[in-house]
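Let us walk through this structure one stop at a time. Keep the sequence and the 3D view side by side.

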Amino acid sequence: MKECKHCESEFNPATARKRAVGGRINECPDCVEALGTETAPATVGVMSGDGKQGMVTILRFDNQKTADAYVKAWKHSTGYNKGKSCQMGNTTVLSMDRLGATKIGEHGGNANHKGKM
């Protein structure tokens, strides 16, 4: 249990609500929401399959709402959670710029996995 530095009430920093709203370790979730002290950017990692190895892209968004919207659109357009029938028909092309995303990291797979040219 921790004591909030603003309202001096006790709270558990390991709760799901505290993890969802963020804030500093010594701020209760109510004060984080009321005072707007959460300043961490929303970060999302997505991956794509390319040959024998996947590619991972890490994106930063201005807020969690736009990050959630991008992930929802990404799952829809890539056929995520469709099992073996993950076809990409009737989908839209995603744009990182439209939702204010900034690419902060990327690791691409090696398509030449057997050393052939």
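**A walk from loop to salt bridges**

Start at Asp-62, which sits in the loop between strand E4 (53-61) and helix H3 (64-78). Helices (H or I, at least four residues) and strands (E, at least two) are DSSP runs, numbered from the N terminus. This is a predicted model: local features need pLDDT of at least 70, side-chain atom pairs count only at pLDDT 80 or more, and totals for chains, interfaces and linings use all residues. Residues are numbered from 1 along each chain as its sequence is written, and side-chain values use heavy atoms, with hydrogens and water left out.

Is Asp-62 buried or exposed? Asp-62 has 66% relative accessibility, so it counts as exposed. The cut-offs are these: buried means under 20% relative accessible area, exposed over 50%, and partly exposed in between (1.4 Å probe, protein chains only). Now look along the chain to Ala-101. Asp-62 and Ala-101 are 39 residues apart in the chain, yet their C-alpha atoms are separated by 7.4 Å.

Next come the aromatic rings. Rings of Phe, Tyr and Trp (its six-membered ring) pair if their centres lie within 6.5 Å; planes under 30 degrees apart count as stacked, over 60 as edge-to-face and the rest as tilted. One aromatic pair is counted by this rule. Phe-61 and Tyr-70 have ring centres 5.4 Å apart and planes at 45°, so this pair is tilted. Both residues, Phe-61 and Tyr-70, are buried.

Turn to the charged side chains. A salt bridge is a side-chain nitrogen of Lys or Arg within 4 Å of a carboxyl oxygen of Asp or Glu. How many salt bridges does this rule give? The count is three.

One of them joins Asp-30 to Arg-17, with the closest N and O atoms 2.9 Å apart. Asp-30 lies in helix H2 (residues 29-35) and Arg-17 in helix H1 (residues 16-21), so the pair ties together parts 13 residues apart in sequence. Asp-30 is partly exposed at 48% relative accessible area, and Arg-17 is partly exposed at 38%.

Arg-17 also meets Glu-33 in a salt bridge (2.7 Å, N to O). Here Glu-33 in helix H2 and Arg-17 in helix H1 are 16 residues apart.

Lys-103 and Glu-106 form another salt bridge, their closest N and O atoms being 3.5 Å apart. Shared partners join Arg-17, Asp-30 and Glu-33 into one network of salt bridges.
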